[in-house]
Amino acid sequence: MPRYRIAHAAALLGVSDDTVRRWVESGRLRAVEGPGPVQVEGRDLAALAQQVATAPELGSPVAASARNRLTGLVTRVVKDTVMAQVDLQCGPFRVVSLMSAEAATELGLEPGVLAVASVKSTHVVVEVPERP
């Protein structure tokens, strides 16, 4: 199961390190016991990302891009023998990708895994970045 340090978790949630520490202290987010820096389970972080997600008021767009890369956490993976549905929480945005079950397995996608959704037209491609 992936684990994230406080600073990385804060960046993924779009909040400060201190906010994540307060959530750990209050019990809203569970810290993983062990030596070294405090870490949180990816699965718990993904669940919290869904709870705190709010869409920002952005106003009217003045320009749009055909290509976007959205970094987030996998929140759900549903697989059958051929296909998989992968849900990601990318800040306030929920992104859903359909891919082969084989690809989802090869990428090791499961709730809590850090992933990048690359969006081009009507296709969403999910990438797994190197771990820091």
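**The cores and what builds them**

Analyst: The largest nonpolar core has 16 residues. Those with the most contacts inside it are Tyr4, Leu13, Val20, Leu29, Leu45 and Leu73. A nonpolar core here is a set of buried Ala, Val, Leu, Ile, Met, Phe, Trp, Tyr and Cys residues joined through side-chain atoms within 4.5 Å. Buried means under 20% relative accessible area, exposed over 50%, and partly exposed in between (1.4 Å probe, protein chains only).

User: Which helices each supply at least two residues of this core?

Analyst: Helix H1 (6-13), helix H2 (17-26) and helix H3 (42-52) each do. H1 gives the most, with five residues. Helices (H or I, at least four residues) and strands (E, at least two) are DSSP runs, numbered from the N terminus.

User: What is Leu13 in contact with?

Analyst: Leaving aside neighbours within four places in sequence, Leu13 contacts Val20, Trp23, Leu45, Leu48, Ala49 and Val52. Contact means heavy atoms within 4.5 Å.

User: Before we go on, what am I looking at?

Analyst: This is a predicted model, where local features need pLDDT of at least 70 and side-chain atom pairs count only at pLDDT 80 or more, while totals for chains, interfaces and linings use all residues. Residues are numbered from 1 along each chain as its sequence is written, and side-chain values use heavy atoms, with hydrogens and water left out.

User: How many helices and strands are there?

Analyst: Four helices and eight strands. From the N terminus on, the order is β-α-α-β-β-α-β-β-β-α-β-β.

User: And how much of the protein is buried?

Analyst: Buried residues make up 34% of the 132 residues. The accessible surface comes to about 8,200 Å², and 52% of that belongs to carbon and sulfur atoms. These areas come from the Shrake-Rupley method with a 1.4 Å probe; for residues, only the protein chains shown count as cover.

User: Back to the helices. Which residues of H1 are buried?

Analyst: Ile6, Ala9, Ala10, Leu12 and Leu13. They cover an arc of only 165° around the axis, which puts them on the same side of H1. The arc is that of the directions from the helix axis to the C-beta atoms. Just after H1, Gly14 takes a positive phi of about 75°.

User: Which ones are buried in H2?

Analyst: Thr19, Val20 and Trp23. Down the axis of H2, the buried residues fall within an arc of 100°, so they line one face of the helix.

User: Why would residues three or four places apart point the same way?

Analyst: An α-helix has 3.6 residues a turn, so residues at that spacing point the same way.

User: What do the buried residues of H2 pack against?

Analyst: H1 and H3. Just after H2, Gly27 takes a positive phi of about 90°.

User: New topic: sheets. What is the order in the open sheet of three strands?

Analyst: E1-E3-E2, with antiparallel pairing. Two strands pair if DSSP finds at least two bridges between them. Strand E1 (3-5) and strand E2 (31-32) stand at the edges with a single partner strand each, so one side of each has no neighbour in the sheet. Two bridges join E2 to E3. Val32 stands opposite Gln39 in E3.

User: Is Glu41 buried or exposed?

Analyst: Glu41 counts as buried, at 13% relative accessibility. Glu41 lies in strand E3 (residues 39-41). A polar contact of 3.3 Å joins the side chains of Glu41 and Arg3. A polar contact is a pair of N or O atoms within 3.5 Å; within protein, one must be able to donate a hydrogen and the other to accept it, and residues adjacent in sequence count only if both atoms are side-chain atoms.

User: How many residues of E5 are buried?

Analyst: Six of the eight, so E5 is largely enclosed by the rest of the structure. E5 pairs with strand E6 (residues 93-100) in the antiparallel sense over eight bridges. E5 and E6 form a hairpin with two residues between them. Gly91 in the turn has a positive phi of about 65°.

User: Where is Gln89?

Analyst: In strand E5 (residues 83-90). Gln89 is buried, with a relative accessible area of 7%. A polar atom of the Gln89 side chain lies 3.1 Å from the backbone oxygen of Gly91.
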